[in-house]
Structures are given as structure tokens and as C-alpha cells.
Number of protein chains: 2
Amino acid sequence: MFSPDVEPGTPVPDGGPWSAAVGQGGGVLRSVEIGKLPLEAGGGLPDVTMAYECWGTLNPEGSNGVLIQHALTGSTHVSRGDSEEDGWWEGLVGPGEVIDTNRYFVVAANMLGGCYGTTGPSSIAADGAPYGSRFPFVTIRDSVQAEARLADKLGITSWHAVIGGSMGGARALEWAVTFPERVQRCAVVAACAASTAEQIAFAQAQVLAIRQDPNFAGGDYYDGAAPTLGLGLARRIAHITYRSEAEMGARFGRSVQPGEDPLGHARLRPVPGGSVAGRYQVESYLDHQARKLVTRFDANSYVAITEALMSHDVTRGRGSLVESLARAADVEFLVAAVNSDRLYFPAQSEELAAALPGHVVVHRIDSGIGHDGFLTEVDTVGELLRESFFTE
Amino acid sequence: MFSPDVEPGTPVPDGGPWSAAVGQGGGVLRSVEIGKLPLEAGGGLPDVTMAYECWGTLNPEGSNGVLIQHALTGSTHVSRGDSEEDGWWEGLVGPGEVIDTNRYFVVAANMLGGCYGTTGPSSIAADGAPYGSRFPFVTIRDSVQAEARLADKLGITSWHAVIGGSMGGARALEWAVTFPERVQRCAVVAACAASTAEQIAFAQAQVLAIRQDPNFAGGDYYDGAAPTLGLGLARRIAHITYRSEAEMGARFGRSVQPGEDPLGHARLRPVPGGSVAGRYQVESYLDHQARKLVTRFDANSYVAITEALMSHDVTRGRGSLVESLARAADVEFLVAAVNSDRLYFPAQSEELAAALPGHVVVHRIDSGIGHDGFLTEVDTVGELLRESFFTE
């Protein structure tokens, strides 16, 4: 039944050093052109490409699709599939798994503004140059509109389920409220109804870290050095919020990085790569997280998607929270929170659940790790999904 | 009894735009030369000036002194005194106040490495140029050694009490353990026995924000533009950790800064000063905090003191925590924590109290504001001090 508009493995029009990662998955990254897209904040994008991966086969009714939405720096690569590389929710999707690809057609789309194949700031505009600073402001809702066009192209009439964690949860929630007739079930994991003041504050620091890197050049850096120091600092700030104080304490404490001395004049000598000599282990760990991200992610996409997440507010233009969510009265919801999450506090999931139509309880994901528990506790997430959405 | 080594109001040898603030307090900033100071991490400083303010009169025995230790970006200006400007613990010190200057001689010293008069990176070295990148690595213990020299100069044989919050609490604790015979009472407020992995992680992000500002120039920026963008970003990161999620949520929520539109292309235009157009109120608030700090604080001092705080560990070279604190068996302790503090968690105060000699309970400072509660809840801090240390 499924017939992609382009051949599997077609290279996506993308540039920059993170492109190497676009092909990951053994050529199973696919893309479709969805045409001109008007944007919530005004203006529009003339030619939008949506990149995605998929597993399984769509049924003739177009009703067995499952949309899995990635987080801020996530990609379409949810599951290894035929590729060589594990996905970010490995084990959840596949033949005989919780989301059984013998029964369901699973789709993961790269968010609008991203750098994993979907049109974003690093994409080539009509004039042959990357968008860069010209890339317009996009919101969570804009991406959901683009994803709906992708669903049209794929022949999906109504998703069996739309599932997401963190920013993916925001996108999943927006799907249920924007297109309730096309969403049978919706799982919102470690996410909330609207980005809070603190989430906005931490996001501002990250965006500023990138903008203040002189290599950023206002967003037009594609013909020069990338703002890796700024992006690396943004990642460090973010990563602290993804982990709990207790986890960092138990894992690193005050341990010193072997061979280095934090109590020394050597500290004052910057080391190429933005770090300094003489580190505690936790510093080395964060340096490592920063280094990993800058090799696979575009700084402009980081800014665009972070600002889209700052804009997340399911109530915008829809009245109160209860009124806004009432539109999704026929959608079955699963809400889950990581008990140690200090970026998306469980109380925020409780607030969402309480305002949803019908009786929705908040399932707890037990993990001491913090927000990232929604990624590391795949088995728990799988069990919750099996019990709620994939019982048969 | 008290006879300062220099005349009150003598200008301190300092440079940079933050010097304007040095004179604050109506000329009551004083300073003494304490000579050459060897440093814990090796090397030393040849000529150290310690700046301080004081209130009241020292008794002939030199035993009625109270040392109040400032936090990371704090100054010697604890109390208005004869000046025009309120102090950071205004109302706590003065005639008839909790710390009654008719009975006690109160001293507040600027930390070693600071920019409020004590020798720091912006001070002029022997060759006539500011230290800049040549300023050595200093620790909390180095500052306590320097403060002990100041106490010698002032004729203080034994402090009635050494009191501090946040980094000031770390300095107070080090005083009690390093010089137990010179500390009768010690108050450690919103502080802990050793900086934790998470505290180090947030500190690293702040230090990197400054180091990565091209104006920082490795620390030798005194003949050019100051790294205000980097320092401002460091302050934003820090300030988020000083406040609770609940306080930011209740105060700002998702409110938009009047006249600005966060959902707009205008966001992509950087505004002079490091911010961007189209902000949420919480962003404007953090921009304001950043702007305030960069006009009064030196970036090199921020790095030096932050790294000193990262080094804070009362157990270094002293055995276990219990063994380390046993040295202060004759010191009377007051430990207090802000219940909503998420930078210095109350559990860290509990851990300290449990390891102190004798039976020490942790007093709670009730505030929803977070770590900054140790500054805003002056009355509560005052009551705790009155009950414990200033009963007569």
C-alpha cells in the first residue's frame, strides 16, 4: 500500500558537516516534497521537504500508522531496522516488539527546521544558497501542519497512535488538538501543555550561547567555520537539565579527570575545543556531550527548534487549557512523567492530565536519571504503551 | 581599639568600569596590606591588599568581632552604615539590630580574587599592568588565610561569630575548620561541605561562557572592550539556578514582554547588548540581571571566584567529612537551608549538619524563591542568628 514519493535513500538537499549523519540507517531515510507551507508567525516556506523513516506496511484503510516524534536534537532514527545503527528508542519498534511492525506502519519524521533531512536553516533555498539567517520563525504547530501533509502523502487517514517524549510530546499533543479526527491515541511523555518560564529561561541561555559565538555570524556561517563553541556550550547547559542532581552526584561526585588537576594554574590555559585543562570528571563528561553534538547537529537548527519549543503552548488562540484540550475529547491519551525529571516536572504532567477530557492518570517512569529517563527507560515506556495502546 | 592600616576612604588599586562601585558605602571601604601570600595550588601573590568594611568598635580583648562573608558576586557592603546605599543584608547589622554594633565589631572582607578592593585579576601587579591572565588560581582556603591576616591586622584574637551564605558559607566553614581556636561560632547558610558535581557543572558552563567571549582574550582585556556578553550569559545561567521553578512560573509564566512578539521573525535580529527582539518577560528579566552585573563586576574575578568555589571541599587533605569537621569540635554551629533551594539542596545542609561534632540541627528558611532566599529572607536569617548567637 505504501508508496513513497521519492525512492528510498535519495539524498536530501542538505549541507554542513552533520549531513554525514543524514544517511544513517542504511539508506532508509526517505523524503517527500510537501510544497509551500504558510507559517503561524507569518510568511512561509516555498518548497518544504519532509524527511522520515518508516517501518512496516500501511494497511488499505490507512489506519494502522504510528507516528513517533523525536525530541530537540533527536532524529528520524527511532529504530535500527535494516541499518547498522541502533535507534534512540531501540527495541520498541520491530517485528514482534511492542509496536509490532508486522501489524503497524511506523513513521518518524524530522521536525520542520531540523537538520536530519527536513527543510531547515541549512537547506538550500531557491537562490542556491542555504537559508541561514533567512530561515523564518517556525513553531511546533507549523511542524505538525507539515507532518499532516506528510501523512496525506503517505495515505494515512488516521494514526493508530501519535507518540512523543519531551519536545516530541509537545508535537504529539499538538497533533491530537489540531487534528483530533486523525489521531486515535496520543502519548505525551515527559512533556507539558506549554513551555514554562524556567524552560524558556534555560532555552534563552542556550540560544544566546550560540548567537554570541562570533562564528555564528547571525546565522550565515555555512561558508566558514561553524559556531561549535557556542553550540557546545548550549548542549552543556541543556544536558545538565536533562540529568538529576543525584545522578550526577552518584556518577561523578568531585572526582578528578585522570591525569588532570583542577587545582592548578593549568586551568587558566584554554585548550582547543573550548575546554580548559585541569577538569573534574563531570566537566570532562559535559565536554564529551558537547563534542558529540557539534559533529551531528546544525547550530541554526538548534536555535530554530529551541525557539519553536519556547513557543509551545497548546492553549494559544484556543481559550483555557480545558477548553483547548476539549477538542481532543475522542482521543485516548497516555500521559507519563519521569519521577526525577527536573526540566519537565511530574507536576506539569499532572496539570496536563487533569485538564484532558475524561479521566487520565499520570504514569510514572521510575528512574533516578532525570528527564533523560524517557530515553533510557525504553522498557518502561514500552510497557506503558503495550498496556494502553497496543494490547492486542 | 580599632586602628586601620590605611585611612578610611583610601582608593584601592583597582581598574575597570566596576571600580565606580568600589567607593559605594560613602567612603567606608577600607583596606590593609597583608604582604606576600603563598597559595594552596602553588605559587603565590607578592603583595596582597584586603579590602573590607566595618561597623562598631573592637573591644580590648579583640573578642567581639563578627565576620560576615559575602557570596559569589557579593561585596563588603553588608549594611548601609554611614553610606547612602543599602547593604545586601540590610537591617541585620547596626545599633540595636540583631548584630548590634553597640556591642559587636562587624567586619566584611572582599574575597581574594574579587573586584571590590581586595587583590584580584584586575589589580595592578608589580610591573604596573593588571594581572589579567597572570592572576594565579586561588581557593576558598587561600581567601580564608588572607582573611586571617586581615584579622591579625585588626587585632581580632577570636571571632564571636563567622557568618556566611552560599559561597560565604563555604568561607565561614573553612574558617571554623582551619582556625577553630579563632572562631567561637560559625553560621553556614545555604551552603555545603563540598561543591557537588551539579554545582561544578553549572559553574563550568558559566566559566566557559566568559572564556568563549572573544573580548575575554584569555583574561587580558583591560586595555580593550570587556567580555560583557560572556559575563552576562554566565549571570543568566547562574540566576536561573538561584531561583525556583515555581517562583519563575508564578512571577512570569509565559507572559510576553510588552511591545514585543516572541513569535516573530524579529526574534532573529540580535539587539545590541546580546539579547534578541521578541522576548518573553522572563527573558527580559534575565537580560536585566545580566546588564546589572556587567556594570559592577569584573569577568576575570567572576572566573577566579567561581573556580575557587568549584574547589570548595572542606575534606581536602583532612580525611573523611567527620574527621575533617572534628577539628572544629569547640565551635558552635548554626546550619540553615532555604527549603526551595535547588542549587544548594537542603539535603546537602543535612549532610553537613550530621557530620558536624555534637548535635546540630538544620534550620529551615521558608521561602518559595529558591537559593536567593538566604538574601531575601533577612528577617528569618536574623531571627536564627539572634536565637543562636546573639541571645544576650
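Predicted model: local features only at pLDDT ≥ 70, side-chain atom pairs only at ≥ 80, totals over all residues.
The size of an interface is often expressed as the accessible area that is lost when the parts come together. Here, the area buried between chain B and chain A amounts to about 4,900 Å², and carbon and sulfur atoms account for 64% of that area. In terms of residues, 60 residues of chain B are in contact with 60 residues of chain A.

Polar interactions also occur across this interface. Between chain B and chain A, 22 residue pairs are in polar contact, with both residues at pLDDT 80 or more. On the side of chain B that touches chain A, at least two residues each are supplied by α3 (197–211), α4 (228–242), α5 (245–251), β10 (275–276), α6 (281–294) and α7 (299–310) of chain B. The element that gives the most to this side is α3(B), with ten residues. By class, the residues on the side of chain B that touches chain A comprise 28 nonpolar, 19 polar and 13 charged.

Side chains of opposite charge can pair when their charged atoms come close. Four salt bridges are counted between chain B and chain A. Asp313(A) and Arg254(B) form a salt bridge in which the closest N and O atoms are 3.4 Å apart.

Over all chains, the structure holds 40 salt bridges. Within chain A, a salt bridge links Arg386(A) to Glu383(A), with a separation of 3.3 Å between the closest N and O atoms. Both Arg386(A) and Glu383(A) belong to helix α11 (residues 378–388) of chain A, where they lie three residues apart, or about one turn of the helix.

Empty space left among the atoms can be shown by rolling a probe the size of a water molecule over them. The largest pocket has a volume of about 920 Å³. Of the 40 residues that line the largest pocket, Thr73(A), Gly74(A), Arg235(A), Arg296(A) and Leu375(A) are the closest to its centre. Two or more lining residues are given by each of α3 (197–211), α4 (228–242), α6 (281–294), α7 (299–310) and α10 (373–376) of chain A. The most is given by α4(A), which provides five residues to the lining of the largest pocket. Divided by class, the lining of the largest pocket consists of 17 nonpolar, 16 polar and seven charged residues.

Methods. Residues numbered from 1 in each chain as written. Chains lettered and ligands numbered in written order. Heavy atoms only, no water. Contact = heavy atoms within 4.5 Å. Buried area = accessible area lost by both parts, 1.4 Å probe. Salt bridge = Lys/Arg side-chain N within 4 Å of Asp/Glu carboxyl O. Polar contact = N/O pair within 3.5 Å; in protein donor to acceptor, adjacent residues only side chain to side chain. Helix = DSSP H or I, 4+ residues; strand = E, 2+ residues; numbered from the N terminus. Nonpolar A, V, L, I, M, F, W, Y, C, P; charged D, E, K, R; others polar. 1 Å grid on protein atoms, 1.4 Å probe; cavity = no way out; pocket = protein on both sides within 12 Å on 5 of 7 lines; lining within 4 Å. Points joined across faces, edges and corners; volume = space filled by probe spheres on them.
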